[in-house]
Amino acid sequence: MATTARTMTAEQLLRSAELGRCELVRGKLASMPFAEFEHGNVALAVGAAIRDFVHRRRLGIVTAAETGYLIESDPDTVRAPDVAFVRAERIPSEKPKGFFPGAPDLAVEVLSPDDRASEVNDKVQQWLEAGCRAVWVVDPKTRSVSVYRGPRDIEIVDFAGTLDGGDILPGLALPVAEIFA
C-alpha cells in the first residue's frame, strides 16, 4: 500500500471516484493494488458464509470489499475490509449515506502476496482501537486464519480447524477448509 503526502478528509475521499482502490489513513491517501483472482475468491467464500448465516438469523448487515468505515476523525481514517459485519442494533433506522460511522463488529482482511506484515498489524490494531470486536486475517498462502480479539488475544486457526463466531456471531462454525475449497 503506497501512502501519498496529499491530505484529505473522508468527505473528499467519498467524492473522488477517480482515485481508484484506496483507503484514508489519518488524512493520508493510501492507494492499494487491485485484488488478485485468488484474493477475490477467498474473500467471497468468507463473505458468503457469513452473510448466509447472518441473513437467516437477521443479525445485522454484512458488507463486501470497498465498503468504507470511518473509524477516526480529524484527521480522518477510512478503512475498507474485504468483508465486514455490523450487528443489527448498531445500524441506524435510516442507513448511513457514504461511509459507515465507526468500526464493524467483525472485520475480515484477506492477505495479498504483496502485503507487508507491519501494515497488516497496523490495520488490525486500528480496527481494534476503533471498537471492532474481532478481526480475522485470512492467509491464502498458509491456508489459515488469525483471529484477533485484542492486541494480545490472538488465535490461529489452521486448515483443519473451524472458525467460531463467538459472541459476535453466536453459533457460527465455519470450517477453514471451506474458505479455500
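Helices (H or I, at least four residues) and strands (E, at least two) are DSSP runs, numbered from the N terminus, and one of these strands, S6, covers residues 77–79 and contains Arg-79. The structure is a predicted model, in which local features need pLDDT of at least 70 and side-chain atom pairs count only at pLDDT 80 or more, while totals for chains, interfaces and linings use all residues. Residues are numbered from 1 along each chain as its sequence is written, and side-chain values use heavy atoms, with hydrogens and water left out.

**Two polar residues**

- Arg-79 has a relative accessibility of 4% and counts as buried, where buried means under 20% relative accessible area, exposed over 50%, and partly exposed in between (1.4 Å probe, protein chains only).
- The side chain of Arg-79 is joined to that of Gln-126 by a polar contact of 2.7 Å; such a contact is a pair of N or O atoms within 3.5 Å, and within protein one must be able to donate a hydrogen and the other to accept it, with residues adjacent in sequence counting only if both atoms are side-chain atoms.
- Glu-36 sits in the loop between strand S3 (28–31) and helix H2 (37–57), and with a relative accessible area of 49% Glu-36 is partly exposed.
- Although Glu-36 and Ser-112 are 76 residues apart along the chain, their C-alpha atoms are separated by 7.6 Å.

**Nonpolar cores**

- The largest nonpolar core has 25 residues, of which Ile-50, Leu-106, Trp-136, Val-138, Leu-163, Leu-169 and Ile-179 touch the most other members; a nonpolar core is a set of buried Ala, Val, Leu, Ile, Met, Phe, Trp, Tyr and Cys residues joined through side-chain atoms within 4.5 Å.
- At least two residues of this core come from each of H2, strand S7 (83–87), strand S9 (106–110), strand S10 (134–139), strand S11 (144–150) and helix H4 (176–179), and the largest share, six residues, is supplied by H2.
- Leaving aside residues up to four places away in sequence, Ile-50 touches Val-62, Val-83, Leu-106, Val-108, Trp-136, Leu-169 and Leu-172, where contact means heavy atoms within 4.5 Å.
- Another core, of 17 residues, lies apart from the largest one and has Ile-71, Leu-111, Val-120 and Cys-132 among its members.

**Aromatic pairs**

- Two aromatic pairs are found in the whole structure; rings of Phe, Tyr and Trp (its six-membered ring) pair if their centres lie within 6.5 Å, and planes under 30 degrees apart count as stacked, over 60 as edge-to-face and the rest as tilted.
- The pair of Tyr-69 and Phe-100 is tilted, because the ring centres are 5.6 Å apart and the planes stand at 55°.
- Tyr-69 lies in strand S5 (residues 69–72) and Phe-100 in strand S8 (residues 100–101), so this pair ties together parts that are 31 residues apart in sequence.
- Tyr-69 also forms an edge-to-face pair with Trp-127, at 6.2 Å centre to centre and 75° between the planes, and ring pairs thus link Tyr-69, Phe-100 and Trp-127 into a cluster.
- Relative accessibility is 1% for Tyr-69, 11% for Phe-100 and 0% for Trp-127.

**Cysteines**

- The count of disulfides comes to zero, a disulfide being taken as a pair of cysteine sulfur atoms within 2.5 Å.
- Cys-22 counts as buried at 15% relative accessibility, and Cys-132 counts as buried at 5%.
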